[in-house]
Each structure stands twice: as C-alpha cells, then as structure tokens.
Amino acid sequence: MKLNHIFSALFSFLVLFQLQIVQAEQITPLESEADSALLLNQLVSVKSTSDKKDLINLIAGSNLPQRTRVLTAMQDGDLYYTKADEQLVYAKTHPDGYEISAVVNGEDLGVVGSRKVRKISINNELRTVLRGVLAELAIRSEDAAERLAAAKDLIRSPAPEFLAAIERAKAIESNDKVLESLNIAMAMINLKSDQQVLRLEAIEAFRGTLDSDAMSILAAMQLKDSDGNYLEKDELVRESSAAVLSEMRGQAKIYKLLENAFFGLSLGSVLLLTAVGLAITFGVMGVINMAHGEMMMLGAYTTYVIQLIMPNYIDYSIIVAIPAAFIVSGLVGIVIERGIIRHLYGRPLETLLATFGVSLILQQAVRSIFSPLNKSVSAPSWLSGSWEINGALSLTYNRLYIIIFSLIVLLLLVFLLKKTFVGLQMRAVTQNRAMANSMGIRTGWVDALTFGLGSGIAGIAGVALSQLTNVGPNLGQSYIIDSFMVVVFGGVGNLFGTFFAAMSLGVANKFLEPFAGAVLAKIFVLVFIILFIQWRPRGLFALKGRSVED
Amino acid sequence: MINKTIFERSAIGRLLLADKAGRYLIGVLLAAMILVPLCNLLMPAGSFFHIPTYVVVLLGKYLCYALLALALDLVWGYCGILSLGHGAFFALGGYAMGMHLMRQIGERGVYGNAELPDFMVFLNWTELPWYWYGFDSFFFAMFMVALVPAALAFVFGWLAFRSRVTGVYLSIITQAMTYALLLAFFRNDMGFGGNNGLTDFKDILGFSLQSDVTRCVLFALSALSVALAYILCRAIVSSKYGRVLVAIRDAESRTRFMGYRVEHFKLFVFVVSAMLAGIAGALYVPQVGIINPGEFGPINSIEIVIWVAIGGRGTLFGAVIGAVAVNYAKTYFTGAFPEVWLFMLGALFVISTLYLPKGIVGVVNQLRERRAERNATSTPEQGAQS
Amino acid sequence: MSAVVKSPGFHSAEMQSMLYLNGVTKSFDGFKAINNLSLDIYPGELRAIIGPNGAGKSTMMDIITGKTRPDSGEVRFRDSIDLTQYDEADIANLGIGRKFQKPTVIETLTVWENVELALAGTRSVLRALLHKLSSEQADKIDEVIKLVGLKAKTNDLAGSLSHGQKQWLEIGMLIVQGPELLLVDEPAAGMTDHETMETAALLKEINKDHTVVVVEHDMDFIKALDSKVTVLHEGGVLAEGRLEVVSANPRVIEVYLGR
C-alpha cells in the first residue's frame, strides 16, 4: 500500500537521524571523498589482524556509503587491490582473470590478469568480526524491512558475538516488529549461555511472541535421548520452557483459527459475489438462470479486454472494469430476458433448459472470439502483498479487498432494492404482478431491468474472479453449482440468507479442509446441503406463510 | 394369421396394439439387431451393404444413449421429476461394468499383477479394496450394475420425495448429487482409477472386446435392451400406476388429497429409471472401452434432458428418437464443423423450449393432424399426450 | 402408512361429531391466520362457512386435511381420530375428501381416467401397477360420471372441459373416493347463475350420504343450500346459526355482509 511506503520512509528518516547522533560519539564523520579514500585504502596497507580489526570497526562506524558493500566483499573474499597502484577494488572472476571496479568511486576498471591484483586476506577471527559488524549494519539499516530481515537472520543463526550489536540496535529501534525480532534473537543467544538466570530470562522473553524458530527450539528442549534422559539437563529451564511453549502453542492455535476464519470469510465473499446476482434472478424473480456463470465469465473477459485497451494503467484497470463488466453482462442479461425468458415465465424447468442453451452459446462465442485458451489478467500492484499482523497471522490484501468489495456490493444492492424507486417497482412486480400492472408499472420493463441487474452483478463478480482464477470459457461452469447451493441454502428471496449462507459455507469449507483436503471438504459441503434441503426444503431463511406454500 | 391372435392375446401384444409408434420402434430395433451384425460380419468390406465396425460401435453407443433417454423420459415425461443427475446413474452402472472388465484383465496388465488393476499397483496399494470384492464374477457385477444406481436412487429419492423437494429445487440437488460424485471419483483415494478412470479392457466373458463378433453381439444386446426397456416403460405408463404418475406430474397436491402416497409412487419410478440408466451405462462401457469421472459431469446429465426434450417428452419413443438424432448431429458436426456444434446444441435448447415444447414427436403429430383434417377422415389418435 | 378400511354407508349411532375443532391456532410469521377456532360438525350435516378474505377459511381446510399443522388445539375426526397426527394421503384414506378452490383435475387424463384414479381402493404402488378394473368398479365410475352430468364427455380430456364442468368432475372424483366428510372450497366460483344453482342441488344430493362442509362467498348459493352457517372472521368464529339469524347479527353485517 502506498501509505505504508510513506510511513516507512518517514520512519527510516527518523532512525537515520538518531543513528547519526550515536555515531557522532564514536567516530568523526568523514567529510570528503578524499577522506573516505584515505580510510579505505588503509585496508591495503595494514597487515596485522588487530589493526585490521580496528579498521573494520572504523569503517563500519563511519558514514561511508559503500561500507556494507566493502565489508561484505571482504568477508566473501571478493576484495582485492591492484599491485601497480595499490588501489582497493572489487573483483569478480572472469575467464581472463578478474573484472575489477574501484571501491572508492565505483569506477569500472575493466578486466585484468589474475597476477595484477592481490586479495585482501582475512582469517577466522576477522570473519567473526566481519559477521558481527555486518549484522549490526543490517539491523541498523535505514529500511525497516531490511532491518526486520536482518533480525530474522539473527534469530536463525544466533551467535554470542552479535549480542553487543543487538543491544546497541535495540536502544535505537522504534519499530515494534523489528524490536520483537531483536528481542527474540537476543534470547536465542542467551539461551545458549551457561548461566541459568540468563537462560530463564531468555525463555521468558519468548512468552507472548509467536516466533516459529523459538517454538521449535523450545520443543527441542523437551526431547529425550535414546536412554530416556532429557537432552536439556537443567530441570528448571526445562520446566519453564515447557510452560512458555504450551502458552505459545495455545496462542498460535488461536491465530491459526483466526487465519482459517479469514480464509473462510474470503471464500465466502467469493461465493457471496457469485451468488448474489443469482439471488436476484432466482430468488426475487424465480427465474433459473443457468447462464449465470457465463455472465460472470463475460465480466472476467471484460476485465481482460479493458487491460488490453489500457496496458499502461493496470493499476486502474480494475476500477474501470467494474462498471464496464456490469454494463456488458447487464445488457446481455436484458437481451436474454427480452428474447427468451419472458416467453417462459411460470415454466421454471423450461427456463432452466433454455438458459442452459444460452450458456453453451456464450461459451462457444467466447471460445471463437478469444480462443479456448485461458487468458492472463494481471493483478494491480495494490492487490499484492499482505498485512502481517504477527508471526502467526498475515492477511493477504487480495483476500481482504474481496471481503470488503463483496460487502459493498451487497449493501449497494440492498440499498437499491429497499430505498430507491426502481427497487420499489421491482419488489412490487415480484409480489403482485397484476396489481403492479394496474398501477401503471411497466412490468415487462421492470422484469428486464431486474434480470439485467442480477446479470450485471454477476459481471462484477466476474471482475473479482478474474483476479483469483484462470479466465477461460469454462470459468462460469465451475461456479454455477456453488452459487445455486448458496442461494438454495440461504433461502430463496432473502438477501440476508444469501449472505449468511455464503459466509457459513465458506468458513465451513475452510475449516474442513485441514482435516479432509480441499476436494473432500467440498464434497462434504455438497452432501450437507443436499441433506439440509430435505430438512428445510426452502432454505435457512425461507419466507414463511401461506402465500409461499404451493 | 394364427400368430396374430396369439400376439393379440398376450399382455405385450395388447400393449403394442394400442401403440402404433411403439410397434414401428420395436420393429426397427429388432431389424437393426439382426441386420447390422449381418452386414458387418458377412458382407465383404468393399460391398455396398457392408457396415464398417466403427459404425456398429457408434450405433451401439447411440442405443445406450437411447436407453438412458428412455429412463429419463420415464421420470421427467410422466412424473415431472426433472433429474439433472441421471448421468450419475449411468456412470455408476458403467463403473460397475468397468470394474468387472478391469478384474478380467488379470495378469495381462502392464504390471502383470493378477489381483490388482494397474492403477492400484501404481498407487502402491497392496490389497484389493473391499468394495472391489466379487466383481471378478460376471453375475455379481451385472447385479451391481442395477443395484448400485438403484440404491443411490432409493436413498436420494427417499429423502427428497419424503421432504417434498420438488421442481427446480429437486433439479438443483440432483445436479449437486452428480457434481459431488464427480469430485469424489476424481480422487485417487476412492479406488476407481481417479482422473483416468477404468480403461484398457481386454475381454468380456472370454471374448475379446476388439473382435468384430463381440462388438456385433454387444450392439445386438443394446438394441434388444432398448426394445425390452421400451416395453417395460410402456407397460408402466399404461397401467393405472402410470396414470397416477401423470396425476402427480400435473397436480401433485390433488393426488395427495386423493389418498395416494406421492412419495412412494415417485420413489418407485425413480428407482426403476435409475436401474435402466445403470444398465445403459453397463452396455456403453465395453463398447467405448473406457469409463472416467467425466461421465458424472453435470453437463452430461443436462444433455440427456435435451435429447428427451428434442424428441418429445412423455412419449417414450420420442426419447429414443431424440437421443439418436441429437447424437448423430453431434457426431456429424463435431467432425465436420467442431466450432459450430456448441452453437447448434445451445440453439437446440432454446428453440426446442420456445417453439417445440413437444419435440419432434409433437411436430410430426401436428403435421399429421393437419393432413388428417384436410382429408377430413379423422381417426382418433391414441398416442400419449405430453 | 395407513390403509384404514372405511365402514361404508352411515356412521355408528354413538358418534357425537364427524369433525371437531377446539381451540385451534396457527400463525405465520406472527400473523394469526387461525385464532382459537372451534367448530363442531355432526354426522350427516351440511354446513356452510362464510367469511371475508383472510378470515382463515383456506388455512382451516389445510389444517383439517393435514397440509398444515396447527400450533395448538385439537382436531378430531369421528370423535376419536386425532387428525394432527396424519398427513394428506392418510387423511384422504381416513375418509376426508377435499375439493380445491381452483378446480384441480388431471387435465391430461380423460374424465373417465380422472374418476378411475379417485375411485376408492388400495392406494399402494404394487396394486396400481397390477390394477385391473372390475366390471363393478367400471359401473361405479359410469354412475358417478352420470351423476355429475358429464356422460357425454366421458372420453374427453379433462383439460378440454369448461370451468363449471371441471368443478363438477372434481366433485364427482370426491364422491367416488367414498369419503364420509367432504370439504368443498368455493364450488360456485366462476360459475354462471344457472350452474351455481345446479351445483347447490348437487351438493344437497350428495349430502344424503355424506357429511359436507362448504366454504363459499356467494350468498345466493348459501341461501340455496339452506343449511346452518358459520361466519369466520380473523381466524375465529364470529357467529353461527341459520342464515336468517346470522345475517341479522350486527357484527356480521359490519365485517362482511354490510360491505
């Protein structure tokens, strides 16, 4: 999200500012390029390990822009100097020797023979130092995301030499997530210490976090060796780790549930989107529209066409596609209603067959025009990424948006039906056609409009589906049965029922999946609905009363 | 003739005497049953009268579809139960037959395992699942061909009809039923070959499925089955029971208030229909050589409905005519103009519901009535009305 | 599942009432369609029930015939049978016949076949499959068709009949069903004056062998029936008695007759 970027930039700026102050106490900032060249070239001249160590710390503590790169290169053994003029260079192996570039100003110095340069030598002691300063540089980077990644790296490879760096980083860190990771990293290190107090403190530090590495290390402490003795000898530490672990697992379970519920709701929202148009045509008008899925397909193809028309504005294409899909599918719906369905009112089974025919024609039409292959519809950038709430729970934006979007569509629809004059006419016609007719409502026109509305909403659902699944001629078919199930389960003629049914079926499906697998979960849901219909033939929230009985 | 009087006295004879179209249909079927194999086996390949084997197989396939259409017409045309899941009964019958044919392969499979079909060996299964027991016996398998669809129809129908799920609701849940089965049979764990289904059959009762003679016999059996099923269905709909079915179709509530247990009447016809569909599937599988989960596809079931609608529902012979005509058109168009076929099929759905509510049979009847009026020699038409 | 064998002919002497409703209430979504309704029909009676639209007449019929289950109250048939325990088919077989407001006959069957289906007998699937008509039954069917005046139309499709003829056919179907109690919902709706009077006469004829409850709007028809009248209003009984008495009741005039 854009806003996020701005925040993080602002944040980094503040951190940077703090960093400068801290550094001022340690080392004189370097003013000019000449100064930095001086400092860097000392790497060539100093030979003893202790001098090099000081120099490394000096470089790390400076504000040299290339400090991270230099030190990384040094660690990786890619840092050389030219024998001729003793200039510090980065070197990359090349068939003819090395491809080198100057460290000071980044100037490309071409390829030289392997004898023309010499490596800046390091040893294990220096490697340890380098690892430490590099880690510190990373956890004090300007970019919060980089800092977070660095802290996570530390969690995975906890070593005592990082301890001081982490302490210093913690002092100036203000991002909660990074801070938490730093704490965990520190605790991971302390856990390896031989002081019981430190270890107990470390275990306490895990409490409340949901870090998976922490959980696995705690779990490892409960294991026994082949003789039945605990691997962890310190009983106090073991017990305390067991307590913290079970607490962490409990929390993780809750977040897992929340995540499942979120997945379920997002699936439910897709179902809601696909079913709500049907709730209008089937639920309100009583028309079985088997071509409903193809209305969605048309919406998805409209999105595809819009993206073809405006290839440079993919981010906005969805916004344009929503009304466009509504109009395209809505108009096709009106044509179908005027051309076919109006001749078949009161004959639901015939309507079912005729609209199925329409669905075949539409599928073949799309196949002929766009080819039978799936089309790729790109996702706008603002739909990618996710909102990370904590170690165990992160919500992807596309799912989040689809939940919001489906609710907006539903609310708009309810508003249209309940609060506008057109909606009033629609309800009047469905409740008492003859009376509405005699009051001067043009019932034929209202029928066409209602059907167009239902189809148009299917088109909008198609836009959403284009972001979730392959756009192809069979797109509609895979959703039609699900959407009928939702409408029938929720109770025909009741938008709230449709909403409730979609959400509960979505959630049920996602909660079954871990145990049964996706396909079996779907089968269970289908069988459940078939059985449910036996119990309540008119759905969960059926209109009761004499008028609907026969 | 003496024969005729015997014919007239028999129960079947009396049925057919009242059913002119049925007499023609059975005549054609019996003639085909004898002539097609003769033309295939005895006529030399170059002869004008020779029927190539692929045509025999194709015709056999049409006849299986005709049987399936008869089954659907019985429930839809006469009792108003629009099942969008009849493909499931067909497929179950087909799977039962396929399981028998799989067991018949024995050691001749790719892995040479006498007990386990290839796909099970491939999945590293070591034992035959319990529901495959018995299918090595032909008679057990044939029993299952009818029993499995019947059992599903019984359970499903018992639940649905008892709770009075009718009309489009029933149609939608029958569709859900076949869709659920489609998903289930796609799973490898089900033990029915998953995605690929059952195929690579070798022989049936020791006769090679590739031989022309076996194919001709299967064709003849299909023709005979359609004829027998037609007579069975005609007997059912001509009885008082058949009139109760029509009463349920046209005025379900009224029939209840007359004291008929509508759910029992529906259940019986639904189960009979499912068995016929299962038999159709069992005849189909050895002729086409494969059965896979695709047969459970909701689209397949809806196509059956269109055969019946095109032919003319509630007439029985209309279903046979529709199944053969639509499938012939399908074979022709998918070969000659593949991209046109779905447009055609779609248009058939629309046109037949809008303009031909009684199908081909209805159109023919109308034309004949008109001619009869012109000739002013009106003979009362006894055919079944839709 | 009950194939109760009915005692044909007339009812036992001890029977107090053919149909007895006490305190029956039924509401749909909070609206009380039937509110504490009580009704007592004695054996052999001809009873007319009138009431404005929404008075609960159809719901009452639904409750008696098992289509709708009451929320509370007693519904008894022949003193001892609790009708709330049975469904439509059971109740039809117990001996209650119902004629709908809209004539419902099987339009795609002939008049003769319609009556044949309604003819009393076992209603099982197997019997229906193997059914063979006896000459006795055929005579019975012919007799009833003659009674309702459709002799000339015997082999015509029921769908080709006029509105009034369909009403009669349905009444004929009710009679061959052999019920003890007939519920007749607005038999005169949509009929000509002449047909209305003929229908009244027909019902009186039927009343010789059956208990009959008629729901009707048409006052001339009620007059022609010349029977006890029950006035329903808002789901309960407003007044009961001879037509002359009831029509003098000021409450009745207010809600119904006076409009």
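**Rings, charges and one serine**

Mentor: Over all chains, a search of the whole structure finds 41 aromatic pairs, where rings of Phe, Tyr and Trp (its six-membered ring) pair if their centres lie within 6.5 Å, and planes under 30 degrees apart count as stacked, over 60 as edge-to-face and the rest as tilted. This is a predicted model, in which local features need pLDDT of at least 70 and side-chain atom pairs count only at pLDDT 80 or more, while totals for chains, interfaces and linings use all residues; side-chain values use heavy atoms, with hydrogens and water left out. Residues are numbered from 1 along each chain as its sequence is written, and chains are lettered from A and ligands numbered from 1 in the order in which they are written.

One of the pairs is edge-to-face, with the rings of A:Tyr304 and A:Phe370 lying 5.9 Å apart centre to centre and 75° between the planes. A:Tyr304 belongs to helix H12 (residues 292-309) of chain A and A:Phe370 to helix H14 (residues 348-370) of chain A, so the pair ties together parts 66 residues apart in sequence; helices (H or I, at least four residues) and strands (E, at least two) are DSSP runs, numbered from the N terminus. Both A:Tyr304 and A:Phe370 are buried, a word for under 20% relative accessible area, with exposed over 50% and partly exposed in between (1.4 Å probe, protein chains only). In chain B, the ring centres of B:Phe48 and B:Phe49 are 5.4 Å apart and the planes stand at 80°, so this pair is edge-to-face as well, but both B:Phe48 and B:Phe49 are exposed.

Rings can also lie under a charge, which requires NZ of Lys or CZ of Arg within 6 Å of the ring centre and within 35 degrees of the ring normal. A:Arg69 lies over the face of A:Tyr90, 3.8 Å from the ring centre, and the charged end of A:Arg536 sits over the ring of A:Trp535, 5.4 Å from its centre.

Side chains of opposite charge can pair when their charged atoms come close. The count over all chains comes to 32 salt bridges, each a side-chain nitrogen of Lys or Arg within 4 Å of a carboxyl oxygen of Asp or Glu. In one of them, A:Lys522 meets A:Asp482 at 3.1 Å, N to O, which links helix H21 (residues 518-535) with helix H19 (residues 477-490) of chain A across 40 residues. A:Asp482 is buried, at a relative accessible area of 13%. C:Lys99 and C:Glu170 form another salt bridge, with their closest N and O atoms 3.3 Å apart, and both residues are buried.

Finally, look closely at B:Ser83, which lies in the loop between helix H4 (53-79) and helix H5 (86-105) of chain B. Because its relative accessibility is 1%, B:Ser83 counts as buried. Its side chain makes a polar contact of 2.9 Å with the side chain of B:His86, a pair of N or O atoms within 3.5 Å of which, within protein, one must be able to donate a hydrogen and the other to accept it, residues adjacent in sequence counting only if both atoms are side-chain atoms. A polar atom of the B:Ser83 side chain also lies 3.1 Å from the backbone nitrogen of B:Gly85. Leaving aside neighbours within four places in sequence, B:Ser83 is in contact with B:Leu72, B:Thr174, B:Phe270 and B:Val305, where contact means heavy atoms within 4.5 Å.
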